[in-house]
Amino acid sequence: DFDGDNITDIGVFRPSNGTWYRLNSIDNTFTGVQFGQNGDIPAAGDYDGDAKADLVVFRPSNGTWYRLNSFDNSFFAIQFGQNGDVPTPGDYDADGKYDVAVFRPSNSTWYRLGSSSALFVGRQFGTNGDIPAQGDFDGDGKSDFAVYRPSAGAWFILRSTNSVVQSTAFGTIGDVPSVGDYDGDGRSDIAVFRPSNGTWYYINSSNGANGSVQFGANGDLSAPAYDAP
């Protein structure tokens, strides 16, 4: 949530020019900001705890995270992860700040560094071919481990409240999971970005209704951002 209204802003990162483009949910205005370079992976989230998402990229070539804090525009960098890892930031410890985290496809393991305790934690969830899709689907203030399985067009969510795995069919091969709280109910919505037509498809957790928005182009990387876990 780049604009601080507690609703996820639809956004993309364009590697060709290192620019973030977003549609602000508060007033439907369009914003573009340059941060990052070709090869970086977007990993936006509220790392500084000001209820607004920070621009963040993970650079696989050196396993480093680069962050521009929304609170004071200060720059921060930290090394965590390795080439081949997928950034999976979220508030896993419910302290109101995002934790640096990665999913390692080679062993289907999630590794994270607690934002408050600096505690290193590893957890296996998923299988080869899965795409990480973390979010707070149960509304308890903690990010849930979740994966999107393109081969089945299915989502598997490990709820942090009770450790029950929820499965939902949504999406098709080629879709990119793009989780966020698009309806502002405090719970993450299942959502995908379809690069072939630059369209976002989502299921509102508040009422189960489907929605879609066209934003972005083929080659863009989805970069939704929100302040909820």
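The model is predicted: local features need pLDDT of at least 70, side-chain atom pairs count only at pLDDT 80 or more, and totals for chains, interfaces and linings use all residues. Residues are numbered from 1 along each chain as its sequence is written, and side-chain values use heavy atoms, with hydrogens and water left out.

## The open sheet

Strands here are DSSP runs of E, at least two residues long, numbered from the N terminus. Two strands pair if DSSP finds at least two bridges between them. Four strands form an open sheet, in the order 3-2-1-20, with antiparallel pairing. Strand 3 (30–34) and strand 20 (221–222) are the edges. Each has a single partner strand, so one side of each has no neighbour in the sheet.

Strand 2 (residues 19–23) is joined to strand 1 (residues 10–14) by five bridges. Five bridges also join strand 2 to strand 3. Leu23 in strand 2 is the bridge partner of Ile10. Trp20 of strand 2 stands opposite Phe13, and Trp20 also stands opposite Val33 in strand 3. How much of strand 2 is buried? Four of its five residues are, so strand 2 is largely enclosed by the rest of the structure. Buried means under 20% relative accessible area, exposed over 50%, and partly exposed in between (1.4 Å probe, protein chains only).

| Hairpin | Residues between strands | Residue with positive phi |
|---|---|---|
| Strand 1 and strand 2 | four residues | Gly18, about 60° |
| Strand 2 and strand 3 | six residues | Asn28, about 60° |
| Strand 14 and strand 15 | six residues | Ser163, near 65° |

## The nonpolar core

A nonpolar core is a set of buried Ala, Val, Leu, Ile, Met, Phe, Trp, Tyr and Cys residues joined through side-chain atoms within 4.5 Å. In soluble globular proteins, nonpolar side chains tend to be buried together. The largest core here has eleven residues, including Phe137, Tyr148, Trp155, Phe170 and Ile203. Strand 13 (145–149), strand 14 (154–158) and strand 17 (190–194) each supply at least two of its residues.

Strand 14 also pairs antiparallel with strand 15 (residues 165–169), through five bridges. In that pairing, Trp155 stands opposite Thr168. Which residues does Ile203 contact, leaving aside neighbours within four places in sequence? They are Phe170, Asp189, Ile190, Gly208, Ala209 and Asn210. Contact means heavy atoms within 4.5 Å.

## Val102

Val102 sits in strand 9 (residues 100–104). It counts as buried because its relative accessibility is 1%. Not counting residues up to four places away in sequence, Val102 touches a set that includes Trp65, Phe80, Val86, Pro87, Trp110 and Tyr111. Pro89 is 13 residues away along the chain, and its C-alpha atom is 7.1 Å from that of Val102.

## The largest pocket

The largest pocket holds about 590 Å³ of space. Strand 4 (41–42), strand 8 (86–87), strand 12 (131–132), strand 16 (176–177) and strand 20 each give two or more residues to its lining. The lining has 24 residues, and Pro42, Pro87, Val176, Pro177 and Ser222 lie nearest the centre. By class, 20 lining residues are nonpolar, three are polar and one is charged.

The search used a 1 Å grid over the protein atoms alone; a pocket is an open set of points where a 1.4 Å probe fits, with protein on both sides within 12 Å along at least five of seven lines, and lining residues have an atom within 4 Å of a point.

Methods
Points joined across faces, edges and corners; volume = space filled by probe spheres on them. Nonpolar A, V, L, I, M, F, W, Y, C, P; charged D, E, K, R; others polar.
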